[in-house]
Amino acid sequence: QSTYIYLERYRNYQIPLHSGAIAICKKLGLTAEQADALLFFHAHPESAAADLKTHLSVTHQAARAIVERMVNKGLLITRVSSHDARYKVVTLTAQGEELHETMQCNCTDFGDVLLDHISAEERDTLLKLITQTLDNLKNS
């Protein structure tokens with residue numbers, strides 16, 4: 001299985017990763033929150049800062065500030081929703097899509113380092129255990 005799946009499991013439950021993941025973000029010119037936002041808006045196109053707020057468990061002002069900084073970097077664009085004029089939807093720009101692809105490759109490379117010398121059978125067991133423990137956290 002792709003090593004990206006393991007990293008996604010951690011990211012989905014907002015568990016801090018090794019400093020190597022943070023180094024990847026810095027190398028790409030992003031904060032960890034901006035990287036999470038890029039992943040979020042790629043997975044949920046036409047979402048809003050309010051949706052990011054819920055996903056990241058931050059204040060609305062913090063989510064809007066993240067979006068604004070990423071708009072200024074040319075990674076996101078916002079526009080008024082065609083369904084509700086009070087709602088601004090956020091989408092990735094072409095530059096944002098390129099950066100997302102680069103992040104995917106870098107995360108896979110980082111995941112390969114994490115899983116080096118672990119057999120396929122052990123990886124399957126690891127994935128099952130991670131999933132089970134994170135589900136336990138989610139349901140507690």
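How many helices and strands does the secondary structure of the protein chain come to? In this predicted model, the count is 7 helices and 2 strands, where helices (H or I, at least four residues) and strands (E, at least two) are DSSP runs numbered from the N terminus. Residues are numbered from 1 along each chain as its sequence is written, and side-chain values use heavy atoms, with hydrogens and water left out. Because the model is predicted, local features need pLDDT of at least 70 and side-chain atom pairs count only at pLDDT 80 or more, while totals for chains, interfaces and linings use all residues.

Read from the N terminus, the elements follow the order α-α-α-α-α-β-β-α-α. Of the 140 residues in the protein chain, 36% are buried; here buried means under 20% relative accessible area, exposed means over 50%, and partly exposed lies in between (1.4 Å probe, protein chains only). Among contacts with a separation of 6 or more, 58% join residues 24 or more positions apart, a contact being heavy atoms within 4.5 Å.

Two packed helices are described by the angle between their axes and the distance between the axes. For H3 (32-43) and H4 (49-56), the angle is about 120° and the axes are 11 Å apart. These axes are lines fitted to C-alpha atoms, for helices over the stretch in contact, and angles run from 0 to 180 degrees between N-to-C directions. The crossing of H3 and H4 is right-handed; a crossing is left-handed if the near helix is turned anticlockwise from the far one by less than a right angle, and right-handed if clockwise. On the H3 side the contact is made by Glu33, Asp36, Ala37, Phe40 and Phe41, and on the H4 side by Asp51, Leu52, His55 and Leu56. Sorted by class, these are 5 nonpolar, 1 polar and 3 charged residues, with Ala, Val, Leu, Ile, Met, Phe, Trp, Tyr, Cys and Pro counted as nonpolar, Asp, Glu, Lys and Arg as charged, and the others, Gly among them, as polar.

Which residues of H4 are buried? They are Ala49, Leu52 and Leu56. Viewed down the axis of H4, the buried residues fall within an arc of 55°, so they line one face of the helix; the arc is that of the directions from the helix axis to the C-beta atoms. An α-helix has 3.6 residues a turn, so residues three or four places apart point the same way. The buried residues of H4 pack against H3, H5 and E2.

Leu52 also features in the largest nonpolar core, which has 22 residues and in which Phe41 and Leu52 have the most contacts. Such a core is a set of buried Ala, Val, Leu, Ile, Met, Phe, Trp, Tyr and Cys residues joined through side-chain atoms within 4.5 Å. At least two residues of this core come from each of H3, H4, H5, strand E2 (88-92) and helix H6 (94-114), and H3 gives the largest share, 6 residues. Beyond its neighbours within four places in sequence, Leu52 touches Ala37, Phe40, Phe41, Ala63, Ile66 and Val67.

Leu76 lies in strand E1 (residues 76-80) and, at 1% relative accessibility, is buried. Its C-alpha atom is separated by 4.5 Å from that of Leu92, 16 residues apart along the chain.

The loops on either side of H4 hold two residues worth a look. Most residues other than glycine have a negative phi. Glu46, in the loop between H3 and H4, has a positive phi, near 70°, and is partly exposed at 38% relative accessibility. Ser57 follows H4 and sits in the loop between H4 and helix H5 (60-72). Phi of Ser57 is positive too, near 60°, and this residue is exposed, with a relative accessible area of 58%.

Gly29 belongs to the loop between helix H2 (19-27) and H3 and is partly exposed at 41%. Leaving aside neighbours within four places in sequence, Gly29 is in contact with Gln34 and Lys73.
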